[in-house]
Amino acid sequence: MSSTDPREHPDRCPGALTMHQAADGGLARVRLPGGRLTPDAMVQLAHAASELGDGKLELTSRANVQFRGIADGDALAERLASAGLLPSATHERVRNILASPLSGRVGGLADVRALVRRLDESLCSRDTLAELPGRTQFALDDGRGDVTALQPDFGVQAITPEEFALILAGADTGVRIDAEDVVDVLLDAAQVFVDLRDTQWRLSELSDGPALVLDQLGLGAGEPRELDSSGADEAPIGWMTQDDGRVALGGVLAMGVLDARLGEFLAAIERPLVVTPWRGIVVCDLDEGAADTVVRVLAPMGLIFDASSPWAQVSACTGSPGCEKSHADVRGDLTQAVERGAVEAGRRQHWSGCERRCGKPKGDVVDVVAGPTGYRVS
């Protein structure tokens, strides 16, 4: 058991009910398990951004959305609850569930969409798991390796339609579990972390964390094998033919910022939406004519369907003036760099206003960090 009470080190990760007070007002983050959004939920988010915030939604590297400039947190919470986006007030910050965005529609070994629903419902039903840190990440990978590459605390990756590799702290444990056991094993593993942690926010910060979890669960570590990673860093962008013959359209946004008006147009398509961990959106289940119309209408509004665009490989924190800790107007400087062609092709970059590097994605990323005397690149 922990020797230090984690409550002495409060979790300041923002949520829908626990806003962070930034330099530009209240920042609220809404968890979207699996990144899934209905059209009705999207229009509610867009209206809330327009009427209660700064008119924009920010997509995060965990496939969530956040508002900035919120003055009335209670009004926002009411909006979210009415839209079905706040099913549990006690667990709202721990509903961090990544899932392969194209699962069940384009490729993959298993359809993990039903697992997302089950995991979310079961997570919210376990009272003690409300004590998980807000940074804890679950992941359900359909076999292509896309969300396993994001190094979740507790995850699985399909190796057949009915068998999954258990992932702890971003690595294969060698343990294999049946599809029907996935939810229970992941939540039991998370409970072990709750019981053992001191001030650690992630399983990887707990000494021998994965081994301790396996021991507590009575799961002997198997021999880790090389899992499929072909989908790593492959953000779904552009025109994709679904397995059922319909079309999915993947788009990204400059700096992951979605204008509320564009959000309203996305809702008006009346098709399922998936927010991706690469700060993009997939519009699903379109016929070819509708897909063509979506591209022609939404591309001029800022949704980028071109995978070769420099905006598909760069991201940034908020920077000045939104964050008082930032040394620079990061987003303004990055925009200038993109416009003058200074972004290196084929390499992901993340620009940060300080050493905290908020929002930096996992993996091979060029790190551009502002300091008191300018930017440092590593």
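# Burial, charge and backbone in a predicted model

Q: Why does Ala312 count as partly exposed?
A: In this predicted model, local features need pLDDT of at least 70 and side-chain atom pairs count only at pLDDT 80 or more, whereas totals for chains, interfaces and linings use all residues. Residues are numbered from 1 along each chain as its sequence is written, and side-chain values use heavy atoms, with hydrogens and water left out. Buried means under 20% relative accessible area, exposed over 50%, and partly exposed in between, with a 1.4 Å probe and protein chains only as cover. Ala312 is therefore partly exposed, since its relative accessible area is 27%.

Q: How far apart in space are Ala312 and Arg118?
A: Ala312 is located in the loop between α7 (288-298) and β16, where helices (H or I, at least four residues) and strands (E, at least two) are DSSP runs numbered from the N terminus. Along the sequence, 194 residues separate Ala312 from Arg118. From C-alpha to C-alpha, their distance is 32 Å.

Q: What separation is found between the C-alpha atoms of Arg126 and Val314?
A: Arg126 sits in the loop between α3 (113-125) and β7 (138-141). Its relative accessible area of 23% is why Arg126 is classed as partly exposed. Arg126 and Val314 are 188 residues apart along the chain, and their C-alpha atoms are separated by 38 Å.

Q: How far from Glu92 is the nearest side chain of opposite charge?
A: Glu92 occupies the loop between α2 (73-82) and β6 (97-99), and a polar atom of the Glu92 side chain lies 3.2 Å from the backbone nitrogen of Leu17. Glu92 is buried yet has no salt bridge, a term that requires a side-chain nitrogen of Lys or Arg within 4 Å of a carboxyl oxygen of Asp or Glu. Lys and Arg count as positive and Asp and Glu as negative, while His and the chain ends are not counted. The nearest side chain of opposite charge belongs to Arg93, at 4.9 Å.

Q: Which residue forms a salt bridge with Arg331?
A: The count of salt bridges comes to 20. The pair that includes Arg331 has its closest N and O atoms 3.0 Å apart. It links distant parts of the chain, 273 residues apart, with Arg331 in helix α8 (residues 330-339) and its partner in strand β4 (residues 56-59).

Q: What is the N to O distance in the salt bridge of Arg246 and Asp244?
A: Arg246 is partly exposed because its relative accessible area is 36%. Asp244 is likewise partly exposed, at 45% relative accessibility. Their side chains meet in a salt bridge with an N to O distance of 3.0 Å.

Q: Which residues form one network with Glu355?
A: The side chains of Glu355 and Arg357 meet in a salt bridge of 2.9 Å, N to O. Salt bridges that share partners join Glu355 into one network with Arg357, Lys360, Asp367 and Arg376.

Q: What is the phi of Asp208?
A: Most residues other than glycine have a negative phi. Asp208 lies in the loop between α4 (182-196) and α5 (209-217), and its relative accessible area of 57% is why it counts as exposed. Although Asp208 is not a glycine, its phi is positive, at about 55°.

Q: What value is phi of Met255 near?
A: Met255 lies in the loop between β12 (247-252) and β13 (257-259). Met255 is buried because its relative accessible area is 10%. Its phi is positive in a residue other than glycine, near 60°.

How values were computed
Polar contact = N/O pair within 3.5 Å; in protein donor to acceptor, adjacent residues only side chain to side chain.
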